[in-house]
Amino acid sequence: MSAPATAVRTRPAAPERGGLMCVVGARPNFMKAAPLLAAFAEGPTPLPCALVHTGQHYDAEMKDAFFRQLGIPEPDVDLGVGSGSHAWQTAEIMRRFEPVLEARRPEAVIVVGDVNSTVACALVAAKLGVPVVHVEAGLRSFDRSMPEEINRVLTDQLSELLFTTERQARENLLREGIAPWRIHFVGNVMIDTLRAQEPRAVPAAETLARLAPRALRRAGEAGHALLTLHRPGNVDRPEVLRGILDAVAEIARRLPVVFPVHPRTRAAIERLGVAGRLEAAGVVLAGPLGYLEMLGLMREARLVLTDSGGMQEETTALGVPCLTLRENTERPVTLTEGSNELVGSDPERIRAAAERVLDGGGRRGRVPERWDGQAARRIRAVLERWLADRGGLRGAAGA
Ligand code: UD1
């Protein structure tokens, strides 16, 4: 479960001092940073923003496909960190990020989401006195056994400006002593990406034709379900994983279940030796898919099963029923307003909930407030005011 780290790579251009700096590390960061970079580049006076990729995710399928499909520019700096234990990975990102930050001294470091790269770079910036801006702040599962929850709480404590996706997040932050004026409810940048990319989504039939022509015929009649699974709580405990996969095999009797498998999950399935049985049951096992393929599969699915945070929100934005294979969620608006339902990892509960959805009892919900494709523009507007107040960037130039 580890990949050799590679050297830090910097684009040959002379390092620009000042400006903003945005950090990405893992797959779910890419669709959050893309609309920010696009919004900063808009108009006659763009906000300059350097892009740093930590290298937490590095596979072509986990990184390059997303950069390409989402039009993200090549990073100015690639820290080339790779995989390792949480402590190793976090420490190595910090060690490699510090000199980059010292050389460039941006006006602020923008971090998104809740992955190890987020907290590592926030901590380095805060210690060097560079203001941290957290996009997707204030989400809480109240479950400290999830590494992301620790990353969220710490990143928010280190941040100067906190941008939230749903109203509940503000209360969470106030309870933790964050000053109210730091918090801005702007909506969901990941949904900016979804709305922008919807017209380019790859039709599900096209992806299925490529992955499994036999399943395509079945899906033509019965539709398809989509499954993703990568949380350590579900994947790293063989008895839990086996139970979930048993339920999935049952569901696959009714309709093909497309299952793009995360590298960590792939290794766990190999250890269990159940891939053949799953495929025989009608589960389509694939490698990680690109954003546009996933969007098409999600939009047309009769049912999504997942333990991903992002997909709970994407299915809510699309009005597609989602069964979340966790006991809690840090994104409660997907339950109260959206199409999401928590079903945990108990096989019987998963199977019964899936039956109900497939029999027509799924939730479609409604799209939450400010999930309208404009969140990144709102963030830019707040940042411009903030920079002007500090006398930074164009503020310094008297704009
Ligand atoms: C990370 C995030 C998680 C996010 C997920 C999306 C943390 C704590 N977790 O989890 O919040 O939902 O990304 O995918 O930051 N690997 C590869 N190729 C890659 C990347 C990883 O093979 O490009 C393998 C490695 O064996 C690695 C394992 O996947 O050890 C886990 O990668 P890691 O980045 O540590 O965590 P994720 O499980 O991907």
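Visitor: In which loop is Phe142 found?

Guide: The structure is a predicted model, in which local features need pLDDT of at least 70, side-chain atom pairs count only at pLDDT 80 or more, and totals for chains, interfaces and linings use all residues. Residues are numbered from 1 along each chain as its sequence is written, and side-chain values use heavy atoms, with hydrogens and water left out. Helices (H or I, at least four residues) and strands (E, at least two) are DSSP runs numbered from the N terminus. On that basis, Phe142 is found in the loop between strand S6 (132–135) and helix H5 (147–158).

Visitor: Is Phe142 buried, partly exposed or exposed?

Guide: Most residues other than glycine have a negative phi. Phe142 is not a glycine, yet its phi is positive, at about 60°. For accessibility, buried means under 20% relative accessible area, exposed over 50%, and partly exposed in between (1.4 Å probe, protein chains only). With a relative accessible area of 57%, Phe142 is exposed.

Visitor: What is the relative accessible area of Arg370?

Guide: Arg370 also has a positive phi without being a glycine, near 65°. Its place is the loop between helix H17 (347–361) and helix H18 (375–390). Arg370 is partly exposed, and its relative accessible area is 31%.

Visitor: Which residue is the bridge partner of Thr10 in S4?

Guide: S1 and strand S4 (residues 77–78) run antiparallel and are joined by 2 bridges. Within this pairing, the bridge partner of Thr10 is Val77.

Visitor: What handedness has the β-α-β unit of S12, H15 and S13?

Guide: A crossover is right-handed if, with the strands pointing away from the viewer, the path from the first strand over the helix to the second runs clockwise. The helix in this unit is H15 (residues 309–318), and the unit that it makes with S12 and S13 is right-handed.

Visitor: How much area is buried between domain 1 and domain 2?

Guide: Domain bounds come from an automatic or database domain assignment, which here gives domain 1 (9–187 + 371–398) and domain 2 (204–361). The C-alpha centres of the two domains lie 29 Å apart. Buried area is the accessible area (1.4 Å probe) that two parts lose on being put together, summed over both. Carbon and sulfur atoms give 59% of the area buried here, which is about 1,700 Å².

Visitor: Which three residues supply 31% of the area that domain 1 buries against domain 2?

Guide: The contact (heavy atoms within 4.5 Å) takes 22 residues from domain 1 and 21 residues from domain 2. More than any other three residues of domain 1, the suppliers of that 31% are Gln69, Glu166 and Trp371.

Visitor: How many salt bridges does the rule find across the interface of domain 1 and domain 2?

Guide: A salt bridge is a side-chain nitrogen of Lys or Arg within 4 Å of a carboxyl oxygen of Asp or Glu. A search of the whole structure finds 31 salt bridges. Across the interface of domain 1 and domain 2, the number is 4.

Visitor: How many residues apart in sequence are the parts that Asp114 and Arg331 tie together?

Guide: Asp114 forms a salt bridge with Arg331, with the closest N and O atoms 3.8 Å apart. Asp114 lies in the loop between strand S5 (108–112) and helix H4 (116–127), and Arg331 in the loop between S13 and helix H16 (333–336), so the separation of the parts in sequence is 217 residues.

Conventions:
Two strands pair if DSSP finds at least two bridges between them.
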